[in-house]
Amino acid sequence: MRKFILTNALGNTWNLNEIETFLHDIKGLGQEHKVTYVQLGTKFIKEKDLLLQKSITGKIRFYSYAEYRTFSLFIQHKPLSLMYESDGKYNIKISIDKLEKEELETGGLYCQITIKSLGTFYKTVVAENMKEQVAAGKTYPYAYPYTYYDYSNGEVVIDSDSVLESSTKINIFGPCTNPSYIHMVNGVRKASGKLNATIPEGHKLVIDCISVPYSIKEFTLENALVKDLYEKSDFSTERFLMLEYGKNRITFSHESSEKMKISVEGAIEYESV
């Protein structure tokens, strides 16, 4: 059965599959392109192909005015994201542009909702080389399906089944000195990155192009910001890695003797799911 779950800026979730607030009559989950062509004789050449913003519509049944008001307060904490589960779990960043309020009738309030996409659907995968952490097991929110790859060296692999470029967040755990990395796709070198800095034990370097604006920062393991390291990066390298279709292999090294501990999060994007 399909599921829809909203998450607001506070990290709170709202289940749109419950009897009290059930989302139904949903349209707009597919994909649409704005395409222009140039005609050459009897042939047509595609000139421009743009993926249009999704407009997802439906109705939510609220059992009471109080439930409607609680939901209205919930969605005021922006930004919002929507988790959609069908054959898998996918997320999409959204804006709720319209929520109509109807009169209470038999069975509840049937309110029209219009949701605009702020990007594409994506699924989150994580590749890491920290064997002891994989063995111990981890728990994550239901909205984020994680996949683990275990390697003994400074290397991780993410297989992408999407033709869309997909953002990454690289976590390099201290201690490490002047870390660098190379991104290969199906055996072809695509990009690299390097940072001229020392990350101590108990801290991590995060190279993030999932969030906007992109950033290169040092954090504690509890995610407290230590400092911005963007200016310490090697600007002759790309630094921010985008996953492509196929096997994405990222190899890491640094100028210290300690074994590197790495975790790479990928947000694999899809036109439709």
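The model is predicted, so local features need pLDDT of at least 70 and side-chain atom pairs count only at pLDDT 80 or more, while totals for chains, interfaces and linings use all residues. Residues are numbered from 1 along each chain as its sequence is written, and side-chain values use heavy atoms, with hydrogens and water left out.

**Exercise 1. The enclosed strand**

Find out which residues of strand β17 point each way, and which strands pair with β17.

*Solution.* Start with the strand itself: β17 covers residues 203-208 (strands are DSSP runs of E, at least two residues, numbered from the N terminus). Because 6 of its 6 residues are buried, β17 is largely enclosed by the rest of the structure (buried means under 20% relative accessible area, exposed over 50%, partly exposed in between, with a 1.4 Å probe and protein chains only).

Next, sort the side chains. His-203, Leu-205 and Ile-207 point one way, whereas Lys-204, Val-206 and Asp-208 point the other.

Then look at the partners (two strands pair if DSSP finds at least two bridges between them). Strand β12 (residues 166-173) runs antiparallel to β17 and is joined to it by 5 bridges; here Phe-173 stands opposite Lys-204. Strand β18 (residues 215-220) is also antiparallel to β17, over 6 bridges, and Asp-208 stands opposite Ser-215. A hairpin of 6 residues leads from β17 to β18.

**Exercise 2. Charged pairs**

*Solution.* The structure holds 6 salt bridges (a side-chain nitrogen of Lys or Arg within 4 Å of a carboxyl oxygen of Asp or Glu). One of them joins Arg-249 and Glu-155, at 2.7 Å from N to O. Glu-155 is buried at 14% relative accessible area, while Arg-249 is partly exposed at 31%.

Now find Asp-159 and Lys-247, whose closest N and O atoms are 3.2 Å apart in a salt bridge. Asp-159 is partly exposed at 37%, and Lys-247 is partly exposed at 36%.

**Exercise 3. The nonpolar core**

Identify the residues that touch the most other members of the largest nonpolar core.

*Solution.* This core has 53 residues (buried Ala, Val, Leu, Ile, Met, Phe, Trp, Tyr and Cys residues joined through side-chain atoms within 4.5 Å). Leu-6, Leu-16, Phe-71, Ile-172 and Phe-252 touch the most other members. Strand β8 (residues 89-99) gives the most to the core, with 5 residues.

Zoom in on Leu-16, setting aside neighbours within four places in sequence: its contacts include Phe-4, Leu-6, Ile-60, Phe-71 and Leu-82 (contact means heavy atoms within 4.5 Å).

**Exercise 4. Around strand β5**

Decide whether Ile-45 is buried, partly exposed or exposed.

*Solution.* Ile-45 sits in strand β5 (residues 43-51). Its relative accessibility is 44%, so Ile-45 counts as partly exposed. Elsewhere, Lys-46 forms a salt bridge with Asp-49, with 3.3 Å between the closest N and O atoms. Lys-46 is partly exposed at 47%, and Asp-49 is partly exposed at 35%.

How values were computed. Helices (H or I, at least four residues) and strands (E, at least two) are DSSP runs, numbered from the N terminus.
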